[in-house]
Amino acid sequence: MGDVRALTLDHIYGNGKNHREKYGLKSGRETYQWIKNNHFPEGFQVLCRNCQQIKRIENNEWRKT
C-alpha cells in the first residue's frame with residue numbers, strides 16, 4: 001500500500017489556475033476547503049504526486065496551472 005502523504009487533489013481538466021482565479025483561492029489548503037464546502041463537485045480526482053506530475057507533462061498542463 002502506498003503512503004497517503006503522497007496523495008494530491010488534481011483538477012481533471014488541468015484548469016487549476018482558472019479555478020483558483022475564479023474563486024479567489026490562494027493556496028492548496030483553500031482549494032481543498034472549497035472542494036469540501038461544495039460537497040466534492042465533479043472535476044477533481046485523487047492522484048499520487050508522481051502520477052499527477054506525469055499527467056501534467058503528458059497533457060501539457062504546465063502552462064494551465
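The legends below go with a few close-up views of this predicted model. Residue numbers start from 1 along each chain as its sequence is written, and side-chain values use heavy atoms, with hydrogens and water left out. Since we're working with a prediction, local features need pLDDT of at least 70 and side-chain atom pairs count only at pLDDT 80 or more, while totals for chains, interfaces and linings use all residues.

**View A. The largest pocket holds about 300 Å³ of space.** A pocket here is an open set of points on a 1 Å grid over the protein atoms alone, where a 1.4 Å probe fits, with protein on both sides within 12 Å along at least five of seven lines. The volume is the space filled by probe spheres set on the points, which are joined across faces, edges and corners. Lining residues, those with an atom within 4 Å of a point, number 16. Nearest the centre sit Leu 9, Asp 10, His 11, Arg 20 and Gln 52.

**View B. Strand S1 gives the pocket lining its largest share, four residues.** At least two residues each come from S1 (7-11), H1 (16-23), H2 (28-37) and H3 (49-58). Helices (H or I, at least four residues) and strands (E, at least two) are DSSP runs, numbered from the N terminus. By type, the lining splits into two nonpolar, nine polar and five charged residues; Ala, Val, Leu, Ile, Met, Phe, Trp, Tyr, Cys and Pro count as nonpolar, Asp, Glu, Lys and Arg as charged, and the others, Gly among them, as polar.

**View C. Val 46 belongs to strand S2 (residues 44-48).** This valine counts as exposed because its relative accessibility is 54%; the cut-offs are over 50% relative accessible area for exposed, under 20% for buried and partly exposed in between (1.4 Å probe, protein chains only).

View D. Most residues other than glycine have a negative phi.

**View E. His 19 is tucked into the buried class.** This histidine is part of helix H1, and its relative accessibility is 9%, so it counts as buried. Lys 36 is 17 residues away along the chain, and the C-alpha atoms of the pair are 15 Å apart.
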